Amino acid sequence: MAASTHTVTNQVPPLVGYDVFAGDRALTEAVERHLAPGILREAQEELSTLGRAAGSAQAQEWGAQANENPPKLRTHDRYGHRVDEVDFHPAWHRLLGHAVTAGLTDAWGREGGHVRRAAGFLVWTQAEAGHGCPLSMTHAGVPALRTDPALAAEWEPLLTSHVYEEGLRPAPQKAGVLFGMGMTEKQGGTDVRSNTTRAEALAADGEYLLTGHKWFCSAPMSDGFLVLAQAADGLSCFLVPRVLPDGARNPFALQRLKDKLGNRSNASGEVEFDGTWARRVGEEGRGVRTIIEMVAATRLDCVVGSAALMRQAVAQAIHHSAHRSAFGGLLIEKPLMRNVLADLALESEAATTLALRLAAAYDADTEQERAFLRIAVPAAKYWVTKRCSAVVGEALECLGGNGYVEESGMPRLLREAPLNSIWEGSGNVQALDVLRALQREPGALDAFLREVGKARGADHRLDAAIKDLLTELADLEAVEARARRLVERMALVLQGSLLLRWAPPEVADAFCASRLGGDWGSAFGTLPHSLDLATVVERARAGES
C-alpha cells in the first residue's frame, strides 16, 4: 500500500501506443507530395503499419534494452581459437529484423523507393537509432557495387532483401545480408588517400589479399564490407566478405570495440587485415570515385537520421507540455513555453521537408536532380546534423529534471545527436565539399539556384536572403575561411524555399521571419511574439491514441 505522502499527481503519461508516421504531419504531407498516386496508398499503409510498431511499448522496450545491454566482443572461443564475433542483445536483432522486413534496405529497385525508405527510416529509427547504421550502409552499398555488374548481380538481391538472418555464413547461403564499411585509418581519418592498407593482387582476376588496420569499422558482424586499400595503381575499393565461399572465416581480427558517447547499441570496432581475401570493386586506382556514391547515400541518411532524432525529441517535449501543469495551467498554454516549442517545431519540420526532398531527387534520377544533390546533400548534412544537438538539448530542457533522467529516454537522444554530424565527414568536410562543387561543377550551382528560385517572390525575406547569397557566391576567392557561413546560408535559403512552397503559411512565415529575416535571438524560444505560434505547435503535436 502506497504511503499517503506518495500520491502521484501532475506526472505525464508516456508517449506510447501511437502511429509515429500518421502523427507527423510534415512527414505524411511530404510522402503524399513526392510519391506517384499509383503507389501512394500502398506506401501510406506500409508506413502507418511501421509507425504503429515504432510507437508501441514493445519497440520502445527493445530500444531501451539494446542500449542498456551494449554489444560484447568475443575474440576467442573457449579453446583459444579466434572467432572475432560480437554478441548483441536479442532486442538488437528484433529491431534489425523488423527494419529489414519493412524494406529499409530496399530503395534502388522500386518506384518511389528512396522516398518510401527515407520516410520509413525516419519513422522506425525514432524507436532506436543505433541499428540504423547497418541499415544505412547496406542500402548505400548498392550503387558502389553497380560499378561491377557481376558483383552487383551476386550481392544486390541479398542487400535489398526483406529477410534478416543473423549469424555468419557464406552469403549465398543466406536469404539476406548486411553491409559495413571501413575507410578510416588512425593515421589519416578523413584524409582517406593517406590510407596504408595494402592490396596484393592474386592470380585470379579481381582477387586480392589485404594487409592493414582500420581504425573504424562499423557493424563488424555484417556479411560484407566495402573498404579502401592501396593497390599497384593506387587507392582502390574492395569487397571483403566475413565468410569465404567455402565456409572458412576470412581473416578479420577485431582488436576492440569503441566505447562511444552514444550509439551504444551499435558495435564499432578496430579490425586488422592480415592476408584477408577481397574482390576489387571498380577499377584499380579509382577507389574514392567508386565508393563515393555509397558515402553520398549514407550522408543523406545522416540528414534523415537527424530529422528522426529531432522529431522524436520535439514530439516528447510537446507531449510533456500538453500534460504537465504549472502556475495555474498547462505548460503548452504558457506563451513563453509555446514560443520554445514552436521554435523547435520549425527546426524539425524544416529538416524533415528537406530530407524527403533529397530522397525524391534520388528517385527522379535526372541530370538536373543529380546536379542538385551534388550541392544539396553536403549542405543539408552540414546544417541539419548540426542543428540536431541544439534541438534535442532544448527539448530535453522542456521536460525539466525529468528529461535529465535516463527513464525519460531524452538522455539517449542527446547522446546520439552529435553522431550524424561526425560520421561520413564532419562539418568542415561537408563545407569544403560544397565549395568543391561550386568551383568545379557549375551545373550543380545552377540546379541549386533553380530549386531555391521556385519560391522567389513568395516572401520578401527569402528574396533578400537569395540576393545576399548570390553576392556571396559571386566571390569565391579565399572562400575557405567563410565556408561554414556560406553553406549555412545555402541550407537555410533552401529550407525556406521548400517551406514557402509546401508548408502552411504559419510555419513558413515563422521560419522566414526568424531564420532569414533576422528577427530571432541566439536561443530557442525567441521567435517574434506576433506570429501564430499556437498553430505551429499544434501541427507538430504527435498523434496519440
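## Burial and model basis

Of the 545 residues in the chain, 58% are buried (under 20% relative accessible area, with exposed being over 50% and partly exposed in between; 1.4 Å probe, protein chains only). This is a predicted model, in which local features need pLDDT of at least 70 and side-chain atom pairs count only at pLDDT 80 or more, while totals for chains, interfaces and linings use all residues. Residues are numbered from 1 along each chain as its sequence is written, and side-chain values use heavy atoms, with hydrogens and water left out.

## Fold and dimensions

The chain contains 18 helices and 11 strands, taken as DSSP runs (helices H or I, at least four residues; strands E, at least two) and numbered from the N terminus. Its radius of gyration is 24 Å, which agrees with the value near 24 Å for a compact globule of 545 residues; the radius is taken over C-alpha atoms, and the globule rule is 2.2 Å times the number of residues to the power 0.38. Along the principal axes, the C-alpha atoms fill a box of roughly 75 × 70 × 45 Å.

Among contacts (heavy atoms within 4.5 Å) with a separation of 6 or more, 73% join residues 24 or more positions apart.

## Cysteines

The structure has zero disulfides (pairs of cysteine sulfur atoms within 2.5 Å). C237 is in no disulfide, and the nearest cysteine sulfur, that of C217, is 13 Å away. C237 counts as buried because its relative accessibility is 0%. C512 also counts as buried, at 0% relative accessibility.
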